[in-house]
Protein chains: 2
Amino acid sequence: MNAQHVWNGGGRRIYIQEVGPRDGLQMEKVFVSTADKIAMVNALSAAGMAKVEVTAFVSPTAIPALADAQEVLRGIERPSGTVMTCLVPNVKGAERAMAAGADELNLVMSVSETHNLCNLRMLRTQSFAALQEVIAVAQRGGVAINVSLSCSFGCPMEGDVPADEVLAWVQSFVDAGVQGITLCDTTGMAHPTQVHALVTAFKARWPGTTLTLHFHDTRAMALPNALAAIAAGADRFDASVGGLGGCPYAPGASGNACTEELVHALQLMGYDTGVDLTALTRVAASLPALIGHDIPSAIVKAGPVQQLHPRPASFEQVRTRAQERMQAQQQQG
Amino acid sequence: MNAQHVWNGGGRRIYIQEVGPRDGLQMEKVFVSTADKIAMVNALSAAGMAKVEVTAFVSPTAIPALADAQEVLRGIERPSGTVMTCLVPNVKGAERAMAAGADELNLVMSVSETHNLCNLRMLRTQSFAALQEVIAVAQRGGVAINVSLSCSFGCPMEGDVPADEVLAWVQSFVDAGVQGITLCDTTGMAHPTQVHALVTAFKARWPGTTLTLHFHDTRAMALPNALAAIAAGADRFDASVGGLGGCPYAPGASGNACTEELVHALQLMGYDTGVDLTALTRVAASLPALIGHDIPSAIVKAGPVQQLHPRPASFEQVRTRAQERMQAQQQQG
């Protein structure tokens, strides 16, 4: 694959997976009403998302913001083009999500021992054992499984996580029979060289496993990382409308890759995202009213490139004067 | 050039040119004292910048923030590794900048007729004629000349500016004998595919002319655009410490490419920027006290990737409990 290929989309399909309703809203202090969540998911699927992470079937004590998981999943429209996935931490969550009609279960563990303990209170081997039970339940129910590996590009407490360790965890889950793996840059530590190398290694080893990249824009590298991943053969990205989300273990960090920033850039580059940018940006623009604070989205702030600005009121006067000066000079010359 | 080449710096030199003292500060409502400006430029050159745009020799009525151009340029240290450039709009400004010891004069016009009229109150042909006089003065004085072409990737009022028109203006200035050309994405409209194509065309046509790329992060594409430019053979970028700057004709727009975001990413990718990121970030962190408002820099907010976070206070307790649970399970099994 040459550089020209990366820098020219040429109509190639890139799959955009919206995680805002789960990964974004779970961080918010405000409880967004069930009706507003359903409207948000419906608007996102209507805008053309390949997948939406609708909610999480977790303890309402742990994450009160998503206590209405069942109502939301049962209440949304189910257009055929959008896979509806739900995060589940355990067998109980998996059973609830399956009963409420999830297309896919998204399982999470961290490849960093420290981060896994902080986030899930388990050693990695404990998480893996617990998730194997969830996988067995999902397989019996005929529901697809994706595993999201947190800190695949580094841990905010440990630092580097060796690529071989990340790939060993991928192998364990591929052996367990999951359909998809998401390499998550949970706190925005990934850089393009690292992304290119890890995606290249993944694609060479597991060509039949669906790979998603999940970037955060903490250090302004979400889009560069997405392009590096595409250069290495990836075609599927998580992103969060408005740039919602973040991580409690990385203070001051900005949120997930912003869906409309990613779609805007990819469309300009000639990629086919299948997403209606105007409809997507409308969802982003509606978020501050729902969550009570501003969002980082550059597209909501500045508008897409195609949205031009009016000339200043004085423009015609300025032009006329310039033209008169030029005519006067020409007559002198 | 293949994609691998772009995604692995491999120690290649990238030249970082700091424009914050001019392009950044000229937008600020607060007058930053002459002593603070001198300290800022000194800190930036000490941090390893290949070039610093020190100030502009313009009418103090038009840009009061830079009314102390002469004092700043005369007051700064002159380390041999850093070219000190100054923006000049006309012959009078060029003479003042040369008298005060500028290494290089930076001339500006827009390739968009509408933007040029708004910004400089001249038709493009009038600007070109005026700049030819400035070039003649600089050439007699033996000072290098760079020309910055605003709106090279689009105009916020006109929209697209055809690449052929941009390249025709480059040809006119190359014919006039300038050493360097900067293609400016004045309001953040450039996208990587466009950048790759325009830089490729430039490098093929003028291999002996120094090319700088000047991006804005208005729509979150400054870093992706820089990588696209590197992929096409560019090695020289303008950027603004802290992400200072913007454009009065694009409301809501964020600032210039942020120097520390660019340096941070390029260093992680294995490029040699010659910049001390810690020293640079210290300058960025000092800006809010000077200008009275927050700055967009993700590196000031989140710290570089290498700066790890402490584990939560409860960590050892959590780990001990997890280990005890595992031992208990193993004994049961």
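On a 1 Å grid over the protein atoms alone, a cavity is a set of points where a 1.4 Å probe fits but cannot get out, and a residue belongs to the lining if it has an atom within 4 Å of a point. Grid points are joined across faces, edges and corners, and a volume is the space filled by probe spheres set on the points.

The model is predicted: local features need pLDDT of at least 70, side-chain atom pairs count only at pLDDT 80 or more, and totals for chains, interfaces and linings use all residues. Residues are numbered from 1 along each chain as its sequence is written, chains are lettered from A and ligands numbered from 1 in the order in which they are written, and side-chain values use heavy atoms, without hydrogens and water.

**Stop 1: the second largest cavity**

Helices (H or I, at least four residues) and strands (E, at least two) are DSSP runs, numbered from the N terminus. The cavity holds about 50 Å³ of space. Its lining has nine nonpolar, no polar and no charged residues. In this count Ala, Val, Leu, Ile, Met, Phe, Trp, Tyr, Cys and Pro are nonpolar, Asp, Glu, Lys and Arg are charged, and the others, Gly among them, are polar.

**Stop 2: the largest cavity**

The whole structure has six cavities of 30 Å³ or more. The largest cavity contains about 80 Å³ of space. Select A:Gln17, A:Lys51, A:Thr85, A:Asn106 and A:Asp238, which lie nearest its centre among the 13 lining residues. Next show β1 (15-18), β2 (51-56), β4 (104-110) and β5 (144-150) of chain A, each of which supplies at least two residues of this lining. Which strand gives the most? That is β2(A), with three residues. By class, the lining of the largest cavity has two nonpolar, six polar and five charged residues.

**Stop 3: strand β8 of chain A**

Select residues 236-239 of chain A, which form strand β8.

β1(A) pairs with β8(A) in the parallel sense over four bridges; two strands pair if DSSP finds at least two bridges between them. Within this pairing, A:Tyr15 stands opposite A:Arg236. A:Arg236 also lies over the face of A:Tyr15, at 4.4 Å from the ring centre. A charge sits over a ring if NZ of Lys or CZ of Arg is within 6 Å of the ring centre and within 35 degrees of the ring normal. Strand β7 (residues 210-214) of chain A runs parallel to β8(A) and is joined to it by two bridges. There, A:Leu213 has A:Phe237 as its bridge partner.

Follow chain A onward to A:Ala220, in the loop between β7 and α10. Its phi is near 65°, a positive value in a residue other than glycine. Most residues other than glycine have a negative phi. A:Ala220 counts as buried, at 17% relative accessibility.

**Stop 4: aromatic rings**

Over all chains there are eleven aromatic pairs. Rings of Phe, Tyr and Trp (its six-membered ring) pair if their centres lie within 6.5 Å; planes under 30 degrees apart count as stacked, over 60 as edge-to-face and the rest as tilted. Select B:Phe153 and B:Phe215, a tilted pair with 5.9 Å centre to centre and 45° between the planes. B:Phe153 lies in the loop between β5 (144-150) and α8 (163-175) of chain B, and B:Phe215 in the loop between β7 (210-214) and α10 (222-231), so the pair ties together parts that are 62 residues apart in sequence. B:Phe153 is buried, at 3% relative accessible area, and B:Phe215 is buried at 2%.

B:Cys151 lies in the loop between β5 and α8 of chain B. Its phi is near 60°, a positive value in a residue other than glycine, and B:Cys151 is buried with a relative accessible area of 0%.

Finish with two further selections. A:Phe128, A:Trp169 and A:Phe173 form one aromatic cluster. In chain B, the charged end of B:Lys37 sits over the ring of B:Phe31, 4.0 Å from its centre.

Definitions and conventions
1 Å grid on protein atoms, 1.4 Å probe; cavity = no way out; pocket = protein on both sides within 12 Å on 5 of 7 lines; lining within 4 Å. Buried < 20%, exposed > 50% of the residue type's maximum accessible area, 1.4 Å probe, protein only.
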